[in-house]
Amino acid sequence: MGIDEWFMQMALDIARVSVGQTSPNPNVGAVVVKDGRVVGQGAHLYAGGPHAEVHALRMAGEGAQGATIYVTLEPCNHHGRTPPCTEAIIAAGIRRVVIASVDHDPRTAHGGISRLQDAGLDVTVGILEEQANRMNRVFFHRIDTGRPLVVYKAATTLSGHVAANSGHSRYVTGDAARADVQRMRLEHPSIAVGVQTVLADDPRLTVRGEDGAASERQPVRVVFDSVLRTPTNAAMFREPGQTLILSTAEGVASRPHEADKLRATAGVEVVAITATDGRINLVEAMQFLGARGFNSMLLEGGPTLAASFFAERLVDEVRMYVAPKLLANGLPALQGVETSDMGQAIRLSNAVWQQIGEDLRLDATVLYTDEAVFRGSR
């Protein structure tokens with residue numbers, strides 16, 4: 001590993017401290033190096049706060065004169081909530097800028113690089129680019145598509161069931177896998193379920209520590225509820241954090257009293273999405289969430305909602321926990337779908353298996369082919 005790779009790796013490690021909490025912004029880390037020594041470092045911690053470059057330059061102070069700054073993402077070149085980072089870099093007297101990946105945001109893409117070069121700075125692009133692109137895949141996805149990147153999470157038995165026929169599902173996996181899920185929830189600004197899951201399981205949908213206490217930072221809960229059946233006494237409403245109830249205009253109109261009670265509940269917002277065949281138009285719903293600034297969404301079920309997301313080709317990645325248990329029969333991970341032969345299956349690529357306690361965890365990318373047929377209903 002060369003010197004540039006060494007310091008860029010440090011910047012990437014610093015950027016990871018804020019994964020899941022910067023939406024709608026990307027994760028960025030920066031390191032200022034002079035005479036082979038780190039004189040400043042920083043990460044973008046939250047939307048509206050100083051960018052990574054600014055934190056690093058402030059720490060470096062006069063040490064930034066003639067130094068090199070390593071940045072995991074092309075410095076911004078526009079006025080948003082904060083001034084352009086390109087101008088801060090130039091004003092600090094930085095001599096060289098090393099960038100991992102080019103920004104996808106059209107307000108910056110290549111513009112930041114050009115501004116720095118026009119100012120006479122030496123600019124190097126593409127150091128550890130693959131790692132940097134992977135870190136900001138959710139941000140790039142929202143910029144490129146207008147919707148959050150969707151990660152489908154489910155826990156199944158080895159026989160492919162998420163619950164017994166009675167609906168009982170506590171617990172499919174062991175303690176280690178459930179703790180892993182808590183950490184995963186922190187990586188996403190939103191977490192979604194269907195109303196049937198709310199009615200059947202009454203989940204809290206919160207991030208909790210080892211002591212069981214709710215974490216200070218929580219993802220926004222998103223409930224897909226076409227006809228507004230979410231009860232106002234749901235357990236999640238007694239938890240910290242915000243809740244979005246996505247319904248339809250018909251659903252809200254048919255239950256005005258329930259809509260008013262939900263809207264009067266602290267931290268709850270009810271939003272009407274266009275209906276298709278009486279159900280929420282998922283494509284429009286995801287565009288709405290993208291416009292709200294959610295870079296990613298963790299889809300936690302249930303089986304019918306998940307199948308509908310797959311049918312609309314809206315699931316981008318999966319995380320499956322497989323427990324060493326067998327059920328003679330039960331509820332499948334995906335329900336309400338039709339496939340007549342293996343050629344219609346949706347394939348997974350870049351699969352990585354990991355043992356978590358006694359369970360196995362699969363992380364993979366969803367690969368949709370022209371032959372794949374996946375019909376679902378909500």
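Here's a quick briefing on a pocket and some aromatic contacts in this structure.

This is a predicted model, where local features need pLDDT of at least 70, side-chain atom pairs count only at pLDDT 80 or more, and totals for chains, interfaces and linings use all residues. Residues are numbered from 1 along each chain as its sequence is written, and side-chain values use heavy atoms, leaving out hydrogens and water.

**The second largest pocket**
- About 670 Å³ of space lies in the second largest pocket (a pocket is an open set of points on a 1 Å grid over the protein atoms alone, where a 1.4 Å probe fits, with protein on both sides within 12 Å along at least five of seven lines; the volume is the space filled by probe spheres set on the points).
- Its lining has 30 residues, with R134, R137, E187, E317 and R319 nearest the centre (lining residues have an atom within 4 Å of a point).

**Aromatic pairs**
- There are four aromatic pairs (Phe, Tyr or Trp rings, six-membered for Trp, with centres within 6.5 Å; planes under 30 degrees apart are stacked, over 60 edge-to-face, the rest tilted).
- One of them, Y152 with F310, is edge-to-face, at 5.6 Å centre to centre and 85° between the planes.
- Both Y152 and F310 are buried (under 20% relative accessible area with a 1.4 Å probe, protein chains only; exposed is over 50%, partly exposed in between).
- F224 and F309 have ring centres 5.5 Å apart and planes at 85°, so this pair is edge-to-face too.
- F224 is buried at 5% relative accessible area, and F309 is buried at 0%.

**A charge over a ring**
- R178 puts its charged end over the ring of Y171, 3.9 Å from the ring's centre (this needs NZ of Lys or CZ of Arg within 6 Å of the centre and within 35 degrees of the ring normal).
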